[in-house]
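Take a look at the protein below. We will start with the whole chain and then move to a single residue.

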Amino acid sequence: MQRTLILLKPDCVQKKLVGQVISRFESANYSIIACKLVQLHEDLLNEHYAHVAHLPFFSEIAEFMSSCPVLAIVLEGEKVIQGVRDLIGPTDSMVAPKGTIRGDLGTDRMKNVVHASDSPESALAEINRFFEADQIVV
């Protein structure tokens, strides 16, 4: 069994798409083992987006991601990391195929509804960034 971190982004929360997105994950037989609403602050944003913090568009990402709380979720299931990546589609919602979460619900490269870990290593780091061990149901 694998675990992955999901962040339902501000556009997802503001447009009241949370239930639709979670339903897709549950329909794919993934289990929610942790979930909480989080207001992202500067330190957390700097850590989570350290790989792009030096780029000119980082301030736009930070402003968007802190514009309202996000829903942080840990999903568990067989091959959940790649399975979720397949469900959500490519980063840019404009090129994401219909039938994927981003293709159906996103609007552009940043307002793309959901973040998902892209590897076992990033999943572990991201889960530990957003959740304490006792917040995860096993």
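Of the 138 residues of the protein chain, 47% count as buried. Keep in mind that this is a predicted model. The chain exposes about 7,300 Å². Carbon and sulfur atoms supply 53% of that area.

Now for the fold. The protein chain has seven helices and four strands. Along the sequence, they follow the pattern β-α-α-β-α-α-β-α-α-β-α. The radius of gyration is 14 Å, close to the 14 Å that the globule rule gives for 138 residues, so the chain is as compact as a globular protein of that length. Its C-alpha atoms fill a box of roughly 40 × 35 × 25 Å along the principal axes.

Next, look at what touches what. Take the contacts in the protein chain with a separation of 6 or more: residues 24 or more positions apart account for 74% of them.

Let us zoom in on one residue. Met 110 sits in the loop between helix H6 (101–105) and strand S4 (114–116). Is Met 110 buried or exposed? Its relative accessible area is 19%. Buried means under 20%, so Met 110 counts as buried.

Which residues does Met 110 touch, leaving out those up to four places away in sequence? They are Lys 9, Glu 60, Ile 61 and Phe 64. Consider Glu 60. Met 110 and Glu 60 are 50 residues apart along the chain. Their C-alpha atoms are separated by 9.1 Å.

Notes:
Residues are numbered from 1 along each chain as its sequence is written. This is a predicted model: local features need pLDDT of at least 70, side-chain atom pairs count only at pLDDT 80 or more; totals for chains, interfaces and linings use all residues. Side-chain values use heavy atoms; hydrogens and water are left out. Helices (H or I, at least four residues) and strands (E, at least two) are DSSP runs, numbered from the N terminus. The radius of gyration is taken over C-alpha atoms; the globule rule is 2.2 Å times the number of residues to the power 0.38. Buried means under 20% relative accessible area, exposed over 50%, partly exposed in between (1.4 Å probe, protein chains only). Contact means heavy atoms within 4.5 Å. Accessible areas come from the Shrake-Rupley method with a 1.4 Å probe; for residues, only the protein chains shown count as cover.
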